[in-house]
Each structure stands twice: as C-alpha cells, then as structure tokens.
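Visitor: I have a structure to go through with you. Could we start with how its helices pack?
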Amino acid sequence: MTKQKILLLEDDTNLGFILKEHLELNGFAVAHCSNGVEGLAAYHNGQFVLALVDIMMPKKDGFTFAREVRAHDQTTPIIFLTAKSLKEDKIEGFKIGCDDYITKPFSMEELLLRIQAVLKRSVAPTDSTSIPSRFTIGKYEFDYDKQTLQINSKPVKLTTKEADLLRLLCLNMNRTLERDVALQTVWQDDSYFTGRSMDVFVSRLRKYFQDDTRVEIINVHGKGFKLVVG
C-alpha cells in the first residue's frame with residue numbers, strides 16, 4: 001500500500017529528525033525541509049496529504065509559505081508547529097487557512113491524534129497510524145475499538161465521545177491534557193458550549209472509575225485535565 005506523504009517544514013535539525021523518524025515509524029512517508037523556500041519547492045514537486053509547518057523559519061516563514069500555498073490550493077491540510085502561544089498568532093494562522101495549530105513542546109501521541117483528526121476531516125482516514133487501542137488504567141481495562149471499560153469482568157459500554165476522550169487522556173496519562181487540545185481533537189470545536197459539554201463527559205468518566213481509588217481525573221486549573229493513576 002502506498003504510504004501517505006507528509007511535508008515537514010522545521011528548521012530545528014534535531015526536532016525535524018525526531019518528527020520525521022516518528023512519523024515514518026507510524027506509516028507515513030516524510031519529506032523534511034529546513035526552510036520555507038525549500039518547502040515551497042518540495043510542495044510544488046510532490047503530492048502531499050498534509051503539511052506540518054513551523055512558523056519561525058529562515059528565508060520564508062511559515063505564514064508566508066501557507067499564504068502562497070493557499071493562493072491556489074485550498075484543500076491540502078496545514079498544521080502549524082510553533083513555540084508561540086499568542087492568541088494573535090493563532091488567529092492569523094486560521095485566517096490564512098490552516099487546519100490546526102500545535103504549540104511546542106508537544107507529545108508525539110498528541111501530534112498523531114491531531115494529524116488523524118485533520119485527515120479524517122479532509123481525506124479518507126489512514127490505517128497506518130499505530131495509535132494504541134487498549135489501555136490498562138489501574139484495575140480497569142479500556143478497549144477503545146470495542147468502546148468498553150472493564151473491571152472484574154464487568155464491562156461498561158462507552159459512547160463514541162467518551163471513548164475518544166478517554167483515549168486522549170490515556171495517551172497523556174499523568175500529564176496535563178489541555179482543554180483546547182481535547183476540544184479540537186474530539187469535537188473539532190472549542191466553543192464555550194462545547195466546553196461545557198466536555199465537562200459533562202469528564203464527570204461521567206470519573207464515575208466509571210469510582211471502584212478504584214488510585215484512578216483520578218483531576219482538573220488542572222486554567223489548563224485542562226489529567227488522568228492520574230497512583
């Protein structure tokens with residue numbers, strides 16, 4: 001099967017190597033360019049399902065690259081990679097037409113989930129992203145594919161959104177899962193009302209874990225949630 005090709009624009013040599021290696025291990029073919037000029041040339045010479053673009057690059061920054069791509073291509077998804085977290089930068093990125101925005105540092109699991117979510121919205125989803133589907137959470141066994149959470153041979157059937165959110169928490173176990181990451185990944189929407197809906201789903205998940213006191217989903221004030229297993 002032909003691998004899906006990703007265009008990676010990242011001027012940090014070490015990070016670029018790590019990202020390229022990890023994405024290739026997960027079934028993608030990756031063309032890595034270290035500046036926007038090289039990236040634009042590669043874009044015109046290849047067919048890519050998605051572009052991962054660092055904003056701060058030499059010769060041609062990420063915003064300029066994206067504007068030039070969007071001048072004649074409105075369909076190839078663009079995810080910005082950046083050390084910046086300013087609201088103005090995010091607004092600028094979405095005005096240009098980017099599909100998502102991820103702030104460094106980030107986990108590889110989070111990056112794969114974001115890529116998966118963007119591709120799901122734009123093209124047929126890939127079978128090659130090897131994101132885990134089974135997790136052990138204290139005394140519980142979580143099967144994402146079957147959407148079940150089980151303890152002592154007693155399975156609980158989860159809704160699709162519950163399973164999506166729980167998998168994201170598991171992939172960030174004992175680390176903070178930011179609210180906007182969860183909202184964009186699971187709901188593809190970070191509005192106020194969707195945020196309130198997510199809070200309800202978190203409360204439901206907490207109830208499912210009440211038979212194991214070592215398992216907690218805690219609020220991280222002003223940031224998000226953390227699945228903690230003691």
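Guide: In this predicted model, helices H7 and H8 are roughly perpendicular to each other. H7 covers residues 179–187 and H8 covers residues 192–208; they pack at an angle of about 90°, with their axes 11 Å apart.

Visitor: Which residues in H7 and H8 meet?

Guide: From H7, the residues are Arg179, Ala182, Leu183 and Trp187. On the H8 side they meet Thr194, Gly195, Arg196, Ser197, Met198, Asp199 and Phe201. By class, the contact of H7 with H8 has five nonpolar, three polar and three charged residues.

Visitor: Turning to the strands, how many residues of S3 are buried?

Guide: Five of the five residues of strand S3 (residues 50–54) are buried, so S3 is largely enclosed by the rest of the structure.

Visitor: What kind of peptide bond joins Lys104 and Pro105?

Guide: The bond between Lys104 and Pro105 is cis, with omega about -5°. Pro105 itself lies in the loop between strand S5 (100–103) and helix H5 (108–122). Most residues other than glycine have a negative phi, and most peptide bonds are trans.

Visitor: On phi, then: what is the value for Gln147, and where does Gln147 lie?

Guide: Gln147 has a phi near 55°, a positive value in a residue other than glycine. Its location is the loop between strand S7 (140–143) and strand S8 (148–151). Gln147 has a relative accessible area of 18% and is therefore buried, the cut-off being under 20%.

Visitor: And Asn174: what is its phi, and is the residue buried or partly exposed?

Guide: Phi of Asn174 is near 65°, again positive in a residue other than glycine. Asn174 sits in the loop between helix H6 (160–171) and strand S10 (176–178). With a relative accessible area of 41%, Asn174 is partly exposed.

Visitor: Back to charges. How many salt bridges does the count come to?

Guide: The count comes to 12 salt bridges. One of these joins Arg134 and Asp143, at 2.6 Å from N to O. Arg134 is exposed, with a relative accessible area of 56%, whereas Asp143 is buried at 8%.

Visitor: What about Glu68 and Lys60: how far apart are the closest N and O atoms?

Guide: In the salt bridge of Glu68 with Lys60, those atoms are 3.0 Å apart. Glu68 counts as partly exposed at 31% relative accessibility, and Lys60 counts as buried at 17%.

Visitor: Lastly, which residue does Arg214 meet in a salt bridge?

Guide: The side chain of Arg214 meets that of Asp212, at 3.2 Å from N to O. Arg214 is partly exposed, at 39% relative accessibility, while Asp212 is buried, at 3%.

Key:
Residues numbered from 1 in each chain as written. Predicted model: local features only at pLDDT ≥ 70, side-chain atom pairs only at ≥ 80, totals over all residues. Heavy atoms only, no water. Axes fitted to C-alpha atoms, helices over the stretch in contact; angles between N-to-C directions. Helix = DSSP H or I, 4+ residues; strand = E, 2+ residues; numbered from the N terminus. Parallel < 35°, antiparallel > 145°, perpendicular 65-115°, else oblique. Contact = heavy atoms within 4.5 Å. Nonpolar A, V, L, I, M, F, W, Y, C, P; charged D, E, K, R; others polar. Buried < 20%, exposed > 50% of the residue type's maximum accessible area, 1.4 Å probe, protein only. Salt bridge = Lys/Arg side-chain N within 4 Å of Asp/Glu carboxyl O.
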